[in-house]
Amino acid sequence: MSRILAPITSCPIEFTTEQSEHSHPIILVAENDFSFASEDTVAGSWAKANHFTGKSGDILVVPDNDGIASRAYLGAGDGSDAFITGNLFKQLPEGEWHFENLPENPLNLFLGLGLGSYKFRRYLQTKAQKKLKFTLPDNIDKDELERLVETTFLVRDLINTPTNDMEPDTIEEAIRQLGRTYGATVTSIWGDDLLKQNFPMVHAVGRAGSVAPRIIDLRWGDENHPKVTLVGKGVAFDSGGLDIKSANGMLLMKKDMGGAANVMGLARLIMDAKLPIRLRLIVPAVENSISGNAFRPGDVLKSRKGLTVEIGNTDAEGRLILADALAFGDEEKPDYLFDMATLTGAARVALGPDVPPFYCNNENLGQKISRISMEIQDPLWQLPLWKPYQKKLASRIADLNNVTTDGFAGSITAALFLQKFVDQAANWAHFDIYGWTPAEKPAFPIGGEAQGIRALYTILKGL
Ligand code: BES
Ligand code: MN
Ligand code: ZN
């Protein structure tokens, strides 16, 4: 049993509200706007020599006469990219820095700066790294900025940690740790108790794993506040089960608990900001493994809700554990029921790794999620719960099959499957996330990623 929980990666940037006399300025430069060169002729020639044109994210560090960095210019491009600050941490010399000219709402510039300083060091022998200090302007809330950065680091750490240090019991321990920090109550049901307490599909999917499957339940906040319930897919590792994945398809499957990691992050944001919400977090945590007692293709499982499910493919396991978890959450009629899951490869084919599709049973809420996610640059894109596709999930011997027979609309049909298990929640939204940055971008290093939780947090703050 592995219950080693490492501390969250800490941010190597210190944000302060007091600017000291040693602080070096950073000047934002719009693309091809060389007016700075006439005020600062040294920078002008240095820019020319280095081909600095103010392209989005480009950085020009200008030394003083002693060869020590004195100021820096940062390309702002056409002003549309929020995360131009993503490479600053890596490129600036150690010291104190401040921005000289900032746009009206600079939160994402500081967020990009913080997020770009992340490096997963748990398994590196050399832990040392440089430290920077940055002054915040008056219109940035230090607590809120640090909350967003630290929470993203938590989500990334949880996903980046390989399965040998992040099994279902470790996921439980991480949730218990959150509970201890914020005064929430955490309970769990595991092993054969899942059968006694009617979580048959969580048990069936997870029973072949070497660590017992479980359902973890965190509760926090005043019972009179709006009930928000978060559910996250916690597959510690997805081998595919008896319908085993290829080597390539399996390589990244430590990240199949990315939905759980993300809702844990969202729960942390809510509790840390003390939002007036009655929060509940439900995580079914399992390993989809292979053993003599593994569930099989062709098996018929009875779900918590009563619907029977024929197993067309053991690799469509996420929807099975989520079905029981969603039904459980739905029973107390929450005002908002949100689930996040690394559910389908089809979502990536449709929208790529950076724009998770989501589904919503309330038109107004769906539009709000779309609009706010784009505004704050935490993109989410709504796809339809297209009813006519429901019949693709028909089974001859059970109420439902867990897969369709053709490969069409894989993300939509997975969402329709989940919808069968939700009927009392006033609002339900499902997020089919990737939870991973596959190619380096400023502020987004390769590895586990938080997706959609800033958008949902923003919406919940506005309730
Ligand atoms: N965890 C995977 C989905 C996944 C794969 C997400 C790769 C991100 C990257 C999920 O459990 C799965 O295996 N889904 C299958 C479903 C199929 C069997 C209907 C898929 O998408 O291929
Ligand atoms: Mn799978
Ligand atoms: Zn999976």
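**Domains, helices and buried residues**

Mentor: In domain 1, 18 residues are in contact with 18 residues of domain 2; contact means heavy atoms within 4.5 Å. This is a predicted model, in which local features need pLDDT of at least 70 and side-chain atom pairs count only at pLDDT 80 or more, while totals for chains, interfaces and linings use all residues. Residues are numbered from 1 along each chain as its sequence is written, chains are lettered from A and ligands numbered from 1 in the order in which they are written, and side-chain values use heavy atoms, without hydrogens and water.

Trainee: What are the bounds of domain 1 and domain 2?
Mentor: The domain assignment gives 13-128 + 136-140 for domain 1 and 147-461 for domain 2; such bounds come from an automatic or database domain assignment. The C-alpha centres of the two domains lie 37 Å apart.

Trainee: What makes Thr 229 buried?
Mentor: Buried means under 20% relative accessible area, exposed over 50%, and partly exposed in between (1.4 Å probe, protein chains only). Thr 229 has a relative accessible area of 0%, so it is called buried. Thr 229 lies in strand E9, residues 227-232; helices (H or I, at least four residues) and strands (E, at least two) are DSSP runs, numbered from the N terminus. Leaving aside neighbours within four places in sequence, the contacts of Thr 229 include Arg 278, Ile 282, Tyr 336 and Phe 338.

Trainee: Why is Ala 323 called buried?
Mentor: Its relative accessible area is 0%, so Ala 323 is buried. Ala 323 lies in helix H11 and, leaving aside neighbours within four places in sequence, is in contact with Met 201, Phe 417, Leu 418 and Phe 421. The C-alpha atoms of Ala 323 and Lys 305 are separated by 8.3 Å, with the two residues 18 apart along the chain.

Trainee: Why is Asn 198 called partly exposed, and why is Lys 333 called exposed?
Mentor: Asn 198 has a relative accessible area of 33%, so it is partly exposed. For Lys 333 the value is 52%, so this residue is exposed. Asn 198 is found in the loop between helix H7 (193-196) and helix H8 (200-206), and Lys 333 lies in the loop between helix H11 (318-330) and strand E14 (336-341). Each has a positive phi in a residue other than glycine: near 65° for Asn 198 and near 50° for Lys 333.

Trainee: How do you know on which side of H2 the buried residues lie?
Mentor: In helix H2 (residues 41-49), Ala 43, Gly 44 and Ala 47 are buried. They cover an arc of only 105° around the axis, so they are on the same side of H2; the arc is that of the directions from the helix axis to the C-beta atoms. The face turned away from the buried side carries the exposed residues Thr 41 and Ala 49. What covers the buried residues includes helix H1 (35-39), strand E3 (59-63) and strand E4 (69-77). His 51, which follows H2, has a positive phi, near 55°.

Trainee: Which residues of H4 and H5 meet?
Mentor: Leu 107, Phe 110, Leu 111, Gly 114 and Leu 115 in H4 meet Leu 145, Leu 148, Val 149, Thr 152, Phe 153 and Arg 156 in H5.
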